[in-house]
Amino acid sequence: TGDTLLLTLRDALIRAEPASEQVNIFKGQVDRSRADKTVAWSSLLPQATLTPAYTRVIETPFRQYFEQSGGAPSNENPFTALSNWQVGGNVRWTPIDFAAYSQIEAASRGIDLTRLQLSSQQAYTILTVAAAYFNAILADQLLGIRVSTLQQAERTLKDIQLGYEVGTQSEFDALRARVARDNQVPVVTQARANRAISFTQLKQLLDLPIDREGRRLCRGMSFY
């Protein structure tokens with residue numbers, strides 16, 4: 001159904017890395033270190049600069065000397081042209097720049113460092129998710145054991161209570177069975193709380209909806 005999730009250990013580990021904010025942060029740092037190295041390398045490449053310019057002439061004192069028929073100025077003459085385009089530029093290249101080489105080397109070491117930090121964070125994320133996964137399974141199984149113990153205590157209480165009513169069991173036996181049953185109630189409550197906490201922690205690590213039905217999520221859990 002829509003609120004049921006079959007979650008194996010493999011699925012949990014696959015979900016772990018994309019859901020980890022720290023892993024994504026370190027991935028961004030790796031990309032930034034690579035960009036820093038690219039910028040450092042670019043300083044060793046030829047640098048070309050182009051500067052275009054456009055001039056629009058409203059009036060020129062040479063117009064009267066270069067007028068065409070009809071009184072219009074000639075655009076082919078540089079003195080009377082109304083529109084002038086100019087392009088200038090320069091090229092600079094410094095093939096030997098020790099400062100740039102130092103920046104490239106520093107950027108390379110930065111890439112190695114961020115990759116190491118990323119690998120360390122990925123391993124820590126996998127370890128954390130695996131531990132949370134097995135803790136959730138253990139908490140669910142312990143809850144099942146506590147619930148079974150409580151059910152067994154309730155059946156025992158019913159049998160002894162019935163025996164007490166027909167006279168085959170003493171009042172002390174009935175009281176002892178009731179106390180044994182009542183003692184299991186807080187144990188089950190604590191086990192249910194531990195299970196809820198374990199599942200919530202796992203959901204947070206995997207970026208799953210917190211309000212997803214925990215019992216159904218548990219029943220879908222399996223590992224190979």
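A residue counts as buried when its relative accessible area is under 20%. By that cut-off, 27% of the 224 residues in the protein chain are buried. The model is predicted. Its protein chain holds five helices and two strands.

**Overall layout**
- From the N terminus, the order of elements is α-α-β-β-α-α-α.
- Among contacts with a separation of 6 or more, 75% join residues 24 or more positions apart.

- Two packed helices are described by the angle between their axes and the distance between the axes.
- Helix α3 covers residues 98–166. Helix α4 covers residues 171–206.
- The axes of α3 and α4 come within 8 Å and cross at roughly 160°.
- Angles over 145 degrees count as roughly antiparallel, and α3 and α4 are therefore roughly antiparallel to each other.
- The crossing of α3 and α4 is left-handed.
- The contact of α3 with α4 has 23 nonpolar, seven polar and nine charged residues.

- Asp207 sits in the loop between α4 and α5. Helix α5 covers residues 214–219.
- Most residues other than glycine have a negative phi.
- Asp207 is not glycine, yet its phi is positive, near 60°.
- Is Asp207 buried or exposed? Asp207 counts as exposed because its relative accessibility is 62%, and the cut-off for exposed is over 50%.

Key
Residues are numbered from 1 along each chain as its sequence is written. This is a predicted model: local features need pLDDT of at least 70, side-chain atom pairs count only at pLDDT 80 or more; totals for chains, interfaces and linings use all residues. Side-chain values use heavy atoms; hydrogens and water are left out. Helices (H or I, at least four residues) and strands (E, at least two) are DSSP runs, numbered from the N terminus. Buried means under 20% relative accessible area, exposed over 50%, partly exposed in between (1.4 Å probe, protein chains only). Contact means heavy atoms within 4.5 Å. Axes are lines fitted to C-alpha atoms, for helices over the stretch in contact, and angles run from 0 to 180 degrees between N-to-C directions. Angles under 35 degrees count as roughly parallel, over 145 as roughly antiparallel, 65 to 115 as roughly perpendicular and the rest as oblique. A crossing is left-handed if the near helix is turned anticlockwise from the far one by less than a right angle, and right-handed if clockwise. Ala, Val, Leu, Ile, Met, Phe, Trp, Tyr, Cys and Pro count as nonpolar, Asp, Glu, Lys and Arg as charged, and the others, Gly among them, as polar.
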